[in-house]
Amino acid sequence: MIVHPGARDRLNLEDPDVRAHVRAIMLEDDAPTDRPTAILERLVADPRSRDVDGAFGSSDASAHLAVRLAALRDLPGPTPEAFMRCHDKLESRRLQRDAVPYATPRFFSLDPNAPVPDTLPLPFPLFVKPVSAHLSQLAFPVRDRHELDTALGAARAQLDRVAAFDEELEGRSFHLMLVEELLEGRLVTLEGFMHAGRMTAIGVTDSVLHPNGISFVRFDYPSMLPSDVSDRLCEIAEVLMPALGFDDSVFNIEFFVEADGTAKIVEVNGRMASQFAPLVRAVNGRSTYRIQLELATGGSPSVPEPRTDVVASSFVLRQYIEDGVVESLPDPKAVIDRFPGSQVELLVRQGQRLSENDDDSASHRLAVVALSGPDRASLLRDWREAQQLLAFELRPINRNDRASTAR
């Protein structure tokens with residue numbers, strides 16, 4: 001059963017290779033405004049859930065629901081406790097420090113509603129983020145005490161909303177901010193899966209950040225990291241994921257890798273990186289959706305060797321304004337027809353305010369476009385053309401009242 005499928009799930013489930021290797025796919029839709037406990041109760045009460053072979057969710061929220069449903073129905077997958085050892089950033093940091101101290105940044109936590117100590121455990125610059133959140137919500141680099149106070153002020157205003165989903169499902173508070181040393185280097189993501197206690201690597205993806213240090217511009221697969229550095233990331237995962245008690249699911253770990261190859265963990269996610277699925281499909285010939293669905297139904301998947309004549313990227317079209325209203329949408333078919341094999345996911349709807357989405361603290365995402373080709377240069381050329389075909393008409397709010405076109 002696919003729990004609370006989004007547009008990305010539906011796009012990737014159209015892959016014939018995914019459909020051909022799953023006996024049946026049951027989609028459970030629910031209203032986004034429903035409380036998570038109500039959604040879980042409905043899932044358990046749904047007669048279909050008694051007959052499914054597995055439960056699956058690709059986002060932080062839907063994966064959290066899926067692992068709880070799987071536990072209640074005695075289905076394959078990680079336990080809710082193991083999932084939360086990844087998702088609770090503070091608990092995960094403490095376990096990382098025990099298992100792989102050499103890959104764990106220095107950290108401490110702050111309650112945004114409590115007085116900040118005059119002397120902090122670490123010097124500036126620092127990075128501040130909620131212990132429970134996604135998509136870089138309330139995540140800020142801070143260079144001094146004033147910027148720290150500003151970040152904590154934003155947390156006081158918004159943390160109730162950001163943490164509400166996990167707090168209700170877990171029955172405990174996540175009203176803390178993780179504060180850690182500011183990491184530098186190349187940002188990459190190792191994706192792999194655990195099955196029967198064994199880690200299998202899928203691949204490493206390079207993350208390209210906007211100069212603001214928050215917003216992702218694109219993701220390139222496979223990574224340009226030297227093979228010995230990629231191997232080192234796999235060795236970290238081989239130690240860490242069993243230490244977290246995590247098994248029978250795809251996972252991903254974000255790292256900052258310094259010039260000398262030193263790697264530090266940014267975060268661990270106990271779910272697939274769904275945005276990378278079409279990239280893995282293009283390069284390895286097998287979508288991570290198929291791999292995850294096989295695991296969720298008790299299978300033992302494999303990962304084909306990557307092709308050496310194909311690279312792929314997932315590009316993020318963003319708007320760097322405070323807020324706005326979507327006046328009109330482009331037709332994704334123009335990009336799909338121009339670039340066969342591409343995938344276009346629109347992340348907004350007509351009439352929507354951009355601030356209604358769970359975006360990062362610096363920008364608003366409009367679309368995600370996956371492209372593949374023989375080399376990086378051709379992909380960047382294709383992306384420039386694709387942006388011209390994806391014209392969103394936006395009306396900025398609180399800046400001026402004229403329509404603008406994001407390209």
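Biologist: How do the residues lining the largest cavity divide into nonpolar, polar and charged?
Modeller: This is a predicted model, where local features need pLDDT of at least 70, side-chain atom pairs count only at pLDDT 80 or more, and totals for chains, interfaces and linings use all residues. Residues are numbered from 1 along each chain as its sequence is written, and side-chain values use heavy atoms, with hydrogens and water left out. A cavity is a set of points on a 1 Å grid over the protein atoms alone where a 1.4 Å probe fits but cannot get out, and lining residues have an atom within 4 Å of a point. Counting Ala, Val, Leu, Ile, Met, Phe, Trp, Tyr, Cys and Pro as nonpolar, Asp, Glu, Lys and Arg as charged, and the others, Gly among them, as polar, the lining of the largest cavity comes to 10 nonpolar, 5 polar and 2 charged.

Biologist: Which helix gives the most to that lining of the largest cavity?
Modeller: There are 17 lining residues, with Ala55, Val67, Pro78, Ser249 and Gln292 nearest the centre. Helices here are DSSP runs (H or I, at least four residues) and strands are E runs of at least two, numbered from the N terminus. H4 and helix H10 (288–296) each supply at least two residues, but the top contributor, with 4 residues, is H4.

Biologist: Is Ser49 buried or exposed?
Modeller: Ser49 sits in the loop between helix H3 (36–45) and helix H4 (60–72). Leaving out residues up to four places away in sequence, Ser49 touches Met1, Leu43, Val44, Leu69 and Arg73, where contact means heavy atoms within 4.5 Å. Buried means under 20% relative accessible area and exposed over 50%, with partly exposed in between (1.4 Å probe, protein chains only). Since Ser49 has 1% relative accessibility, Ser49 counts as buried.

Biologist: How far apart in space are Ser49 and Met84, C-alpha to C-alpha?
Modeller: Met84 is one of the buried residues of H5. In sequence, Ser49 and Met84 are 35 residues apart. In space, C-alpha to C-alpha, the gap between Ser49 and Met84 is 23 Å.

Biologist: Which elements do the buried residues of H5 pack against?
Modeller: Helix H5 (residues 80–87) is mostly covered, with 6 of its 8 residues buried. Those are Pro80, Ala82, Phe83, Met84, Cys86 and His87. Their packing partners are H4, helix H6 (89–99), helix H7 (145–170), helix H8 (227–243) and strand E11 (263–269).

Biologist: How are H3 and H7 set relative to each other?
Modeller: In their contact, H3 brings Pro36, Thr37 and Leu40, while H7 brings Phe165, Glu168 and Leu169; by class these are 4 nonpolar, 1 polar and 1 charged. The axes (lines fitted to C-alpha atoms over the stretch in contact, with angles from 0 to 180 degrees between N-to-C directions) come within 8 Å and cross at roughly 50°. Angles under 35 degrees count as roughly parallel, over 145 as roughly antiparallel, 65 to 115 as roughly perpendicular and the rest as oblique. So H3 and H7 are oblique.

Methods: On a 1 Å grid over the protein atoms alone, a cavity is a set of points where a 1.4 Å probe fits but cannot get out, and a pocket is an open set with protein on both sides within 12 Å along at least five of seven lines; lining residues have an atom within 4 Å of a point.
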